[in-house]
Amino acid sequence: MARQHAAPTYRLWILRVITVIIFATLIGQLARLQFMQGLGFQKEAVVNRIRVVREKAPRGVIYDQDGRILARNTAAYAITIIPAELPDDPDYEISQKKRLALYQDIYDIIHEKLAANATPVAEPTPTPDPKEIHLILDVSQPPEPTLLTVEEMDKLVSERELGSSFQPVIVAENLPREVALQVQEEAYRLPGVQLQLMNRREYPSGLYTSHIIGYMGPIPREQEKEYAQKGYAPDAWVGWSDLEYQYEEELHGKPGVRVIEVDVKGQEKKVVDEPTEPVPGHNLILSLDLELQKIMFDALVAGINPKRSNSAAAVAVDPRTGYVLGMVSLPTYDNNIFADGVTTEEYKTISEAPGFPLLDHAISGIYPPGSTFKLVTAAAGLEEKVVTRRTILNAPGVIYLPNRNFPDDPDLAQPFVCWIHKQGGEHGDINITAAIAESCDIFFYKVGGGFPPTDFEGLGVRTLADYARRFGFGELSGIDLPGENQGLVPDPTWKRKAKGERWVTGDTYNMAIGQGDVLATPLQVTMMTAAVANDGILYQPQVVAAITDSENHLIKFNHPIIRREIPVKSKNLDIVREGMWMVVNWEYGTAKNVALPDVEVAGKTGTAEFFDPEIGRDLAGNLPSHAWFTAFAPYDNPEIAITVFVYNGGEGSFVAAPIAREILRGYFDIKARDAAAGNKSLLDRLEEIAP
Amino acid sequence: MSRQNWRQFDWLLLAAIVILSIFGIIMINSAVQGDPELAGFPKRQAFYLAVGLALLFITAAFDYHLLRTLTIPFYIFVLAMLALVGTLGQSIFGAQSWINFFGLFPIQPSELAKVALALALGSYLAANRERIGDLRVVLTGLIIIAPIFALVALQPDLGTAIVLAVEAAAIFFVAGLPLRYILTALGLAALSTPLVWSMLAEHQRTRILIFIDPTANPDAYFNVKQALVGVGSGGLLGKGYGQGTQSQLHFLRVRHTDFIFSVIAEELGFVGATLMLLILFFIIWRLWRIAGRSQDDFGKLLVTGLTAVILFQTLVVVGMNMGLVPVTGLPLPFVSYGGNAMLSLMLFIGLAQSVAMRRG
């Protein structure tokens, strides 16, 4: 073949130049990525493969003083899908078809197992008395298993897949253990499906102790940073109320951390760092006695008329230590309903139900203390020598305070009546112990505010307010529970600021009998009674007596904390106590119905009028009243101080006192039984080894 | 017919190819670690290399002028194969491009299409070199390649179709296509863009859209992103052979084929990847040299077409690993795993050697 006419060779040179340009570009880009942007990509490569896996630490257990479990951890089973491990295909339709088939399989299997394991229809629970229903929100059913439909699974998975395709998506929750294990056996043919064990908090004593123990929930959004700094995983739960909240740091423990290298499917390839083991949270041992708590609860529920009272509370403390032995607030709720999380809607329903079930009325509710406050007036009057044991004051059914501007015009004088006046009676000449026993209002009006027409000088508002504060009114008791209300001790300064009015003697009168603007929590009243009982020591109430580690080695013993020694001489408190003894044990006492056969009880009734626009006045024009009773026992050597409060309960002696009797009887029965059996409580044993 | 001369055989070119292919097998070995399904791939690639080398020598020994006489039967054979793929081929990765012949190994007719196109167009343009300015010659050239191009594009195999277009363009260019035609072609290409767009398959459009706006499809962007992270995190010397976290932990997909460059850059760093690119550059440079020294226009145009294919595929594959070019499923010449690619490349080189050995 003849040599052909050669094509122009310069064009090949152009291609050579293009070749050089292409390779220069590629090597240039390589240098740009590896040197100029190298650090960023190196970081991304690390982020890709390194995972910090937190292993949840078991939360601390909460026990009562005898070691009964009030809060513990149980396992809940959930079936999850890991989107990244689902069947995949470049062709969307094929992959979608495979996935839908898988979802259907998952649904069918769980559905079938659930049906097979369905518990036989439970025995009908006894219908609670409809009158009581609004005081107790009992929903302690085991949580219902949930299972998503195929459509819901598809929607949820495709939503989650884009963000974090290795994060498990829950498709079925609260499965019974047997069902969960059966599904797991089938998991080999269900790619991407995993069984997950989720820690659940369980409260065996449920609604009996919900206001003490509280409940947990996910980390609130506004506190995410704070908890993250403390090493919490973003999906961790934290205490939301009561002890679960107050002792969060003790209970939480420390999650274990493992830094692992994962492959693209999120599967662990190796452990990068020395892993740290989870440290279980500490246990709390309460001074609370669950048995007594239940007695208090039952007595309160039985003793009130739910048609009248939308709330009630009872508190029992040990006056020798300030330890809380029992504390009940009605209405209550079952804190187990929070174990699986509640919706905003559900939360609203519970928190806004009549009487506000989530509120602990024993520490958060403030009410006029009524005649129980006379103990303060009596102690102050004796200590300030306004009266002595032998002082006799005249107590007609009604006294008149002359008008400040027209002292001589009897028509303008302001009447102050005694409760007995309404029943057509009067107390007549009376001394302080009888005045306490009969709850004479006139006597204490005079002790508090004096009686201008007779030149009898009373304590005056400032002195009375000072004593009230010394007995713990108007300040937080310092109990180790959140949400405490400090109440109110009024004085002229407060009145000027709050109402823009001058303080008058009538205000002092009202205050002296615990009416007017005095407001106190049932706990404050109890601590006052305890201080009277223990000869003048105001303790800081404590619910948690000891903290132990997960193996119940004592870590910390919460020794009794004295807030102050009240400056009232022992002989004066003797007189007050004597008056309280007479309330229960004297012929004319207001609460003779509280007396116990074997134990001498001392107490004080209270019938505190209040104004509530919804209730208004009765036909005779009387205001409604809260029923109070506060007491201690035994009289000689007090070891329990209690207060019973019933909102709109009416007479303290008729409503609150019988409840208090039940509680005291229960307490001493338990004590006698334990003494006979030689039982020592866990608290006693811990106290012995406490440093 | 010129005398065959083994002294003219480009031994340096062969050495570069063998070195690069062995390097490829070593990197495939790293890429498939921990994946039992792919465990046999390095050995199979070594087998393909051995078969390929044999094919290279046989082809080189063959006078390429003899092939010229077989152009028409070969061309028809390839067309038939392509048509067969359209009806019988298995659908793999969204494109029907494989025929499993006799159950031995699948044959990709589109690889043979590259050879057929170079033979047909090279042969025709070489014969009509003097009349290259004549519109009829240009149109005839286009008509010759049209069926083969259409069948590949309809598979649809966008990657190979573009490779064929570039190959044809290079042959036209070196054959001396006047500047006015080149400018007209560029103008027509620009005008026809919307039409081409409407003809593309869904996954092809997605790939281009992702290249323009990477965040549009997070799932598809994942592959490109991981490749970039692999390349970028390699640094000067790399993380060490078999130590690339991106590849060994499988963040990188199709590591042994499409994204093998990312494995190399991650594990062997800038030094290793640049060295590999320089070997490729050397191979292409030697091929241009063979084209330039060809005794006739047919040889020159044949080698030009095949070299353009190798150059273009290198640009596309390496570029896509570094985010410069949209993702197309093309192999990196001599390095990526794949029997078909290896065998057809060896056929190319054999043809080039055949040209080299018969220059005047």
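A:E587 sits in the loop that runs between α21 (570-585) and β24 (602-609) of chain A; helices (H or I, at least four residues) and strands (E, at least two) are DSSP runs numbered from the N terminus. The model is predicted, so local features need pLDDT of at least 70 and side-chain atom pairs count only at pLDDT 80 or more, while totals for chains, interfaces and linings use all residues. Residues are numbered from 1 along each chain as its sequence is written, chains are lettered from A and ligands numbered from 1 in the order in which they are written, and side-chain values use heavy atoms, with hydrogens and water left out.

A:E587 counts as exposed because its relative accessibility is 54%; the cut-offs are under 20% relative accessible area for buried, over 50% for exposed and partly exposed in between (1.4 Å probe, protein chains only).

The largest nonpolar core has 142 residues, of which A:L243, A:L286 and A:F471 touch the most other members. Such a core is a set of buried Ala, Val, Leu, Ile, Met, Phe, Trp, Tyr and Cys residues joined through side-chain atoms within 4.5 Å. Helix α22 (residues 652-677) of chain A gives the most to this core, with 10 residues. Apart from neighbours within four places in sequence, A:L243 is in contact (heavy atoms within 4.5 Å) with residues including A:I62, A:L286, A:D480 and A:V544. A second, separate core of 121 residues includes B:L67, B:M81, B:M276 and B:L280.

The two chains also meet each other. Between them, chain A and chain B bury about 4300 Å², 70% of it on carbon and sulfur atoms; buried area is the accessible area (1.4 Å probe) that two parts lose on being put together, summed over both. A:R11, A:F23 and A:L26 supply 16% of the area that chain A buries against chain B, more than any other three residues. Chain A brings 40 residues to the contact and chain B 59 residues.

The rule finds 1 salt bridge across this interface, a side-chain nitrogen of Lys or Arg within 4 Å of a carboxyl oxygen of Asp or Glu. A:E44 and B:K225 meet in a salt bridge through their side chains (3.0 Å, N to O). On the side of chain A that touches chain B, the elements giving two or more residues are α1 (10-36), α2 (38-49) and β10 (256-262) of chain A. The largest share, 19 residues, comes from α1(A).
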